[in-house]
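Subject: Structure handover and findings

Dear colleague,

Please find the sequence and the structure below. My notes on them follow.

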Amino acid sequence: MKIAQTILLVLFISNFSWAQEEAMVWYFGDHAGIDFSSGKPELLINSAMRAEAGCAVICNKAGKLQFYTNGKKVWNRKNQLMPNGFGLNGSQLLNQNSIIIPLSDSLYYLFTVDAYSDSVGLNYSVVNMKRESGDGDVVLKNQLIRKDFVEKIAATKHCNGDDTWIITHDRENTFYCYLLSSQGTFLDTVVSQSGTYVRADIGYMKVSPASNMLAFPVNNDSIIVEVFRFDNRTGEVVNPKSIYAKDETVYAYGLEFSPDGTRFYINTGGKKYRLWQYDMTAQTEQEVNSSATLLAGGNLFAMQLAPDGKIYIAKQNRDYLSAINMPNELGEKCAFQENAMNLQSKSSLMGLPNFIASYFYQPGFSFKGTCLGDTTHFLYNQYLNSDSVVWSFGDGSPSVSIKNEPIHQYQTEGTFEAKFSAYQCNKVITATKTVEIFSYPKINLGNDTAICNTCELVLDGGEGMDFWIWQDGTETRFYEAKAEGDYHVRVSRNGCESTDSVSVSNNSVKLLIPNAFTPNGDGINDEFKPVFKERPFSYKLIIFDRNAQLLFQTTSVDEGWNGKFNGVDCQLGVYVYTLVYSFYENNILYQIADKGTLALVR
């Protein structure tokens, strides 16, 4: 089916852009509002609208509010009802009832849907912001496109960046995608019979920011959502993957994709209200379902990706919104926050504003594996709608043409500018990231070595590490080995990990210390001197009498005490010695201190 209906007022052709300014202002719920233009959400308290569920808002390319709607009425940027802004054919009962498509800075198409009246269906109206001294007016209203749709409507840009797909669904298993040109002409209608018949008309339909996936709530006894491949060149909806209910008697209400499309979120209602995350990098339907992570429970309704990269969650009859603060992260790292945006005297209800999904697309890629000698894996998560993707890795190696997950091995440490260029519809999308490659940290605990009872053996895990973890969980650089056994340490620096181990066993004493000597000049045992099996690295011997008077000291292993003090023979008796020495074994320095007594006999 083709629709050829043009509003003659439209002379402007929009320019392709990744900007999110059109979604900077939100009005929703019971007179609630948020402004994201400062970079963080700020409360607005001037809304004139109560929207039980569905609603839509639009700003211009500078992020300035143009108008907003609850599907029945239209309010201008002064929060006043437009002169002709009433009686629109959008239901206020449930779900998505409206969406706004800009054609220029002054002309907008406002689509509405009402699934509860056989005579209403999908309609569009036209708002001209040049009317009423720049405050806008509805210049054409309730133009019927088709009846018998469920109450869901989504939109995203065609791959050419100019035209827009308007996506709806009938009461069976058929998608209708209407292509609206930037000049206000309906160019085509693409009909796709795909997926499971709808059982209950509840919940939101969502398109991923890159326009390559579409999620639709089925809500039968087993399947709550199906995620389809969406082609933003042809408008075809194909290849569904079913997501099955985790609980009995539940339905899917709020749906949303993460900014990079790797994660998908579902809010269920009915018997149990729960928030689930699914990993969309999983290859099979079974793997997608197995990836389900329960994040929260309780009062959970519509979800909407925002310009700050977070996903906000409506809370019925609450004065705050919940949020998923890092929606690209897997599992609980996505950082769900119960009370993320305080609405003060205003209230959230079931819905949040409906926007063109591609407003939130930011082209990019991720990578992992940054240790020298390993392979670095690159991932352009939104590759499905690209005709081709060319990668360059910034190290002088040839570029490669591969759609997803190229693998590259860097040959040296350093910083490299990696880049991808994705081509589709005679357009190119590029993104660049800095990749830093690090060497593995070097550690050496020594070869298998020995320890003596009086030795202080300290193992060194190496300096400058991000962390050290020894075999017993100790997290320090140095570790004192006090007994024989096996010791090992795991260290990390810049995300690169190394390990080393050493086996320690008891060692015999490396010297002989006599307990007596006879300095009588007969040439036998005339000096007190320790006898080493191996020459020590350092050495110091000190002799005291019983009154702690220093009699002799030396740092030469070849020099002994001859029993004299200041040239005079010392008396027979018991004397005290202190011996401090060190030696190397298997690259480990052992430091030993010994103390004892000796007898001087003549």
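Is N525 buried, partly exposed or exposed? N525 is partly exposed, with a relative accessibility of 38%; buried stands for under 20% relative accessible area, exposed for over 50%, and partly exposed for the range in between, using a 1.4 Å probe and protein chains only.

Some ground rules come before the rest. This is a predicted model, in which local features need pLDDT of at least 70 and side-chain atom pairs count only at pLDDT 80 or more, while totals for chains, interfaces and linings use all residues. Residues are numbered from 1 along each chain as its sequence is written, and side-chain values use heavy atoms, with hydrogens and water left out.

Backbone

N525 has a positive phi of about 55 degrees although N525 is not a glycine. N525 sits in the loop between β41 (516-517) and β42 (531-532); helices (H or I, at least four residues) and strands (E, at least two) are DSSP runs, numbered from the N terminus. D148, not a glycine either, has a positive phi of about 65 degrees. The place of D148 is the loop between β10 (137-146) and β11, and D148 is partly exposed at 44% relative accessibility. As background, most residues other than glycine have a negative phi.

Cysteines

Taking a disulfide as a pair of cysteine sulfur atoms within 2.5 Å, the count is 2 disulfides.

C159 is buried at 7% relative accessible area, and C425 is buried at 14%.

A disulfide also joins C371 to C496, with S to S at 2.1 Å. The torsion about the S-S bond is about -110 degrees, so this disulfide is left-handed. Distant parts of the chain are linked here as well: C371 is in the loop between β27 (366-368) and β28 (376-379), C496 is in strand β39 (residues 496-506), and 125 residues separate them. Both C371 and C496 are buried.

C59 is in no disulfide, and the nearest cysteine sulfur, that of C55, is 13 Å away. C59 is buried at 1% relative accessibility. C177 is in no disulfide either; its nearest cysteine sulfur belongs to C159, 14 Å away. C177 has a relative accessible area of 0% and is buried.

Which strands make up the open sheet of 3 strands? The order is β27-β28-β31, with antiparallel pairing; two strands pair if DSSP finds at least two bridges between them. The edge strands are β27 and β31 (407-408), each of which pairs on one side only. Between β28 and β31 there are 2 bridges, and T376 has H408 in β31 as its bridge partner.

N97

N97 is in the loop between β6 (74-76) and β7 (98-102) and is buried, at 0% relative accessible area. The side chains of N97 and S98 form a polar contact of 2.9 Å. A polar contact is a pair of N or O atoms within 3.5 Å; within protein, one must be able to donate a hydrogen and the other to accept it, and residues adjacent in sequence count only if both atoms are side-chain atoms. Leaving aside neighbours within four places in sequence, N97 is in contact (heavy atoms within 4.5 Å) with residues including C55, N70, Q92, F111, E151 and I153.

Regards
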